[in-house]
Amino acid sequence: MNSPQTPHLTHEQFCDLILACSPHPLSSDFAALEQHLCACPSCSEELTRLSRSLTLFREASSGFAQQQLAEIRARRTEAVLPAPHTLARPLYWATAAVLALAVLVPFGLQHGSARTPAPDAAAITTSPHTQESDEALLEEIDQDISASVPSSMRPLVDPVASTTATSAGNNAATSQKTAEN
Amino acid sequence: MTSQVLVNEGMSALNEASVTPVATPFDDLESVVATYEQRVFRFMLVSLRDRDAAQSLTQDTFLRAWMARSSFRGDCAIFTWLMRIAVNLIRDHTRTNRFRFWKRADANSVDVSEVAQHIPHLESSLESRMIANEQMAIVWESVAALSNRQRDIFLLRFVEDLNLSEIAAITNLPISTVKSHLYRALAILRARHTAGILPDKKTKEAV
């Protein structure tokens, strides 16, 4: 214990009390130390303050480390799985819009072409004049086809009378067309 | 013939023992991490005062433990073995000049005011809060003034709450040496505590 020359605890005695370990070989037993603490407010106060400081240090360090580790774990989770709030980012929305357009536009075009209305029968009725000219044209084509020699090849069949025949033929065709019209 | 048979049997048993891996608690690394990560990280963070370094070295601790799991004999607790690795990693890390350079001004360095925010204030008065913050800050600054070995032992005792024999097993030092380091560390702390030295006044700002 404290010697008569030193009224207070030695540093080793003080440390043994702080460490709560068995008395140092140089120190006396804990009962004698506690007896001194009861009698000495200075040592008692210092021991209380130091013990409290160490406790505060431990609690604050633990709380701080716990918070930091929780943040690290949260970051790890975010790195593995994208958090829901990341959907608010413009890049995600732009990508989603492009994908939606890529899917919906071809579908819309196909759907639109399928719904295009068939031409109305009433809208394509032809006038009587057009119908007559069409019939005349078809008849002329029939004559050309039924002829043994096409009109364009006749000059080759009779080269001598080609000019007269051609002119006569042309006149006859013209008069026939006029009569039909 | 009998001796030959015994030799053969012994050889086959040896081969089986060498081939079959011995199961260790570190085979289930996930549960080991879940159980001890908090404490290993706390020790790293308070010792290094650097978030990134603490996180990195905590991961290294478990990685090394898993890689060397075959050498775990079970003659000490899992936490003791992990802390032995952690202490060695910290020693290697703090030896480098790079650490000393970046320690001066690093964005990841922990400020005492951040730690002081986690003091449980049971008392509501402002004065008691300020006193508590000052007391904690004195210890925080005193720990920074300790040598690496003293700091390791101090934190193992007063943060991790390990007894002297466990600290001796982790640091591979005799108990008497561990005690001597603690006496010196507490001498520094007492001197600062008595003088009321508070090098960093940020604690008051944190209040």
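How are H2(A) and H3(A) oriented to each other? In this predicted model, the axes of helix H2 (residues 30–39) and helix H3 (residues 41–80) of chain A come within 5 Å and cross at roughly 105°. Angles of 65 to 115 degrees count as roughly perpendicular, and H2(A) and H3(A) are therefore roughly perpendicular to each other. On the side of H2(A), the contact is made by His36(A), Leu37(A) and Ala39(A), while H3(A) contributes Pro41(A), Cys43(A), Ser44(A) and Leu47(A). Five of the residues in this contact are nonpolar and two are polar, and no charged residue takes part.

A helix pair in chain B was examined in the same terms. Helix H9 (residues 164–171) of chain B packs with H10(B) at an angle of about 100°, and the two axes lie 9 Å apart. H9(B) and H10(B) are therefore also roughly perpendicular to each other. H9(B) brings Leu164(B), Ser165(B), Ile167(B), Ala168(B) and Thr171(B) to the contact, and H10(B) brings Ile175(B), Val178(B), Lys179(B) and Leu182(B). By class, six residues of this contact are nonpolar, two are polar and one is charged.

The interface between the two chains was considered next. The size of an interface is often given as the accessible area lost when the parts come together. Between chain B and chain A, the buried area is about 3,500 Å², and carbon and sulfur atoms give 63% of this area. Three residues, His118(B), Tyr183(B) and Arg190(B), supply 20% of the area that chain B buries against chain A, more than any other three residues. The contact involves 34 residues from chain A and 38 residues from chain B.

Twelve residue pairs are found in polar contact between chain B and chain A, with both residues at pLDDT 80 or more. On the side of chain B that touches chain A, at least two residues each come from helix H2 (29–48), helix H3 (51–67), helix H6 (112–116), helix H7 (126–144), helix H8 (148–158) and helix H10 (175–195) of chain B. H10(B) gives the most to this side, with nine residues. The residues of the side of chain B that touches chain A comprise 22 nonpolar, seven polar and nine charged.

Three are found across the interface of chain B and chain A. In one salt bridge, the side chains of Arg76(A) and Glu37(B) meet at 2.8 Å, N to O. A search of the whole structure finds nine salt bridges over all chains. The pair of Arg76(A) and Glu37(B) crosses between chains, from helix H3 of chain A to helix H2 of chain B.

Notes: Residues numbered from 1 in each chain as written. Chains lettered and ligands numbered in written order. Predicted model: local features only at pLDDT ≥ 70, side-chain atom pairs only at ≥ 80, totals over all residues. Heavy atoms only, no water. Contact = heavy atoms within 4.5 Å. Buried area = accessible area lost by both parts, 1.4 Å probe. Salt bridge = Lys/Arg side-chain N within 4 Å of Asp/Glu carboxyl O. Polar contact = N/O pair within 3.5 Å; in protein donor to acceptor, adjacent residues only side chain to side chain. Helix = DSSP H or I, 4+ residues; strand = E, 2+ residues; numbered from the N terminus. Nonpolar A, V, L, I, M, F, W, Y, C, P; charged D, E, K, R; others polar. Axes fitted to C-alpha atoms, helices over the stretch in contact; angles between N-to-C directions. Parallel < 35°, antiparallel > 145°, perpendicular 65-115°, else oblique.
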